[in-house]
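User: Please examine one part of this model closely, the central sheet with its surroundings, and describe it in a connected account.

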Amino acid sequence: MADRVREIADRARAAGRLGLDTEFVGEGRYQPLLCLVQIALPDGEIVLLDPIAEPFDPAPLADVLADPDIEVVLHAARQDVALLRRDWGQPVRGVFDTQIAAGFAGLRAQMGYDALLKATLRLQVQKGASFTRWDRRPLTSEQLAYARGDVEHLLAVADVLQERLLAAGRLDWAREECRYLEDVDDRRDVDLLFGRLPKINTLDAEQRAVAYELVVWREDTAKAADKPPSTVLM
């Protein structure tokens with residue numbers, strides 16, 4: 001698997017581009033669990049990487065995603081970017097978010113991927129595995145087909161949008177808006193969580209110290225149990 005991951009990374013780097021999506025499960029967990037990574041290479045190959053069934057070292061791919069000279073095409077990228085940053089330890093640069101781009105191209109804001117496929121490529125895709133447990137193994141043929149479909153036409157959609165944006169003089173605007181996604185981070189910061197406690201500024205120094213320790217305890221307990229912090233009594 002290590003050689004395969006490096007090969008994919010090398011091919012993406014050589015092409016200067018890749019399409020990307022992830023499947024994850026967040027419900028009932030401390031933080032979302034990365035379950036599948038789908039990659040579309042410019043030569044048409046689609047690769048599914050399964051960190052649950054076959055764990056792998058993501059470092060070669062993480063290095064590619066962190067390279068600002070490599071275009072990383074995603075749709076509604078915020079959660080994907082945050083999840084990969086946390087799990088793979090590097091930011092995602094060079095993001096081109098087709099949902100953001102669609103808005104600048106005059107299409108509906110917050111447009112879903114299926115609707116965008118129809119609007120740009122005149123493709124109607126039937127999907128049946130959107131509401132599924134991606135953390136269960138083995139994955140079904142329906143799940144695998146759904147996952148592949150999320151990136152199969154992603155680069156072609158980006159091409160159409162970029163052509164429209166270039167003609168309208170808005171491509172740089174869209175790229176600038178996408179750049180804000182590079183800083184998205186879903187790691188939980190204890191100091192920020194403490195600062196958001198209701199009426200925290202009304203407490204005296206001793207009470208604030210106790211409250212801070214409770215926040216730390218709740219985060220550690222929730223993380224160890226892989227449960228939402230809201231389910232841990234404080």
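Strand β1, spanning residues 17–25, is mostly covered, with eight of its nine residues buried (buried means under 20% relative accessible area, exposed over 50%, and partly exposed in between, with a 1.4 Å probe and protein chains only). Strands are DSSP runs of E with at least two residues, and helices are runs of H or I with at least four, numbered from the N terminus. The model is predicted: local features need pLDDT of at least 70 and side-chain atom pairs count only at pLDDT 80 or more, while totals for chains, interfaces and linings use all residues. Residues are numbered from 1 along each chain as its sequence is written, and side-chain values use heavy atoms, with hydrogens and water left out.

β1 is joined to strand β2 (residues 33–40) by seven bridges, and the two run antiparallel; here aspartate 21 has glutamine 38 of β2 as its bridge partner. Three bridges connect β1 with strand β4 (residues 71–74) in a parallel arrangement, where leucine 18 stands opposite valine 72. Two strands count as paired if DSSP finds at least two bridges between them.

The open sheet comprises five strands in the order β3-β2-β1-β4-β5, with mixed pairing. Its edge strands, each pairing on one side only, are β3 (46–49) and β5 (95–97). From one strand to the next, the twist averages 25° (axes are lines fitted to C-alpha atoms, for helices over the stretch in contact, and angles run from 0 to 180 degrees between N-to-C directions). β2 and β3 run antiparallel and are joined by four bridges, with valine 37 partnered by leucine 49 in β3.

Two helices accompany the sheet. Helix α1 (residues 2–15) lies across β1, β2 and β3 and runs at about 140° to β3. Helix α7 (residues 154–168) packs on the sheet, touching β1, β2, β4 and β5, and its direction makes about 120° with that of β1; contact means heavy atoms within 4.5 Å.

The structure holds three aromatic pairs (rings of Phe, Tyr and Trp, the last by its six-membered ring, pair if their centres lie within 6.5 Å; planes under 30 degrees apart are stacked, over 60 edge-to-face, and the rest tilted). The rings of phenylalanine 56 and tryptophan 88 have centres 6.2 Å apart and planes at 80°, so this pair is edge-to-face. It links distant parts of the chain, 32 residues apart: phenylalanine 56 lies in the loop between β3 and α2 (59–65), and tryptophan 88 in helix α3 (residues 78–88). Phenylalanine 56 is buried at 14% relative accessible area, and tryptophan 88 is buried at 13%.
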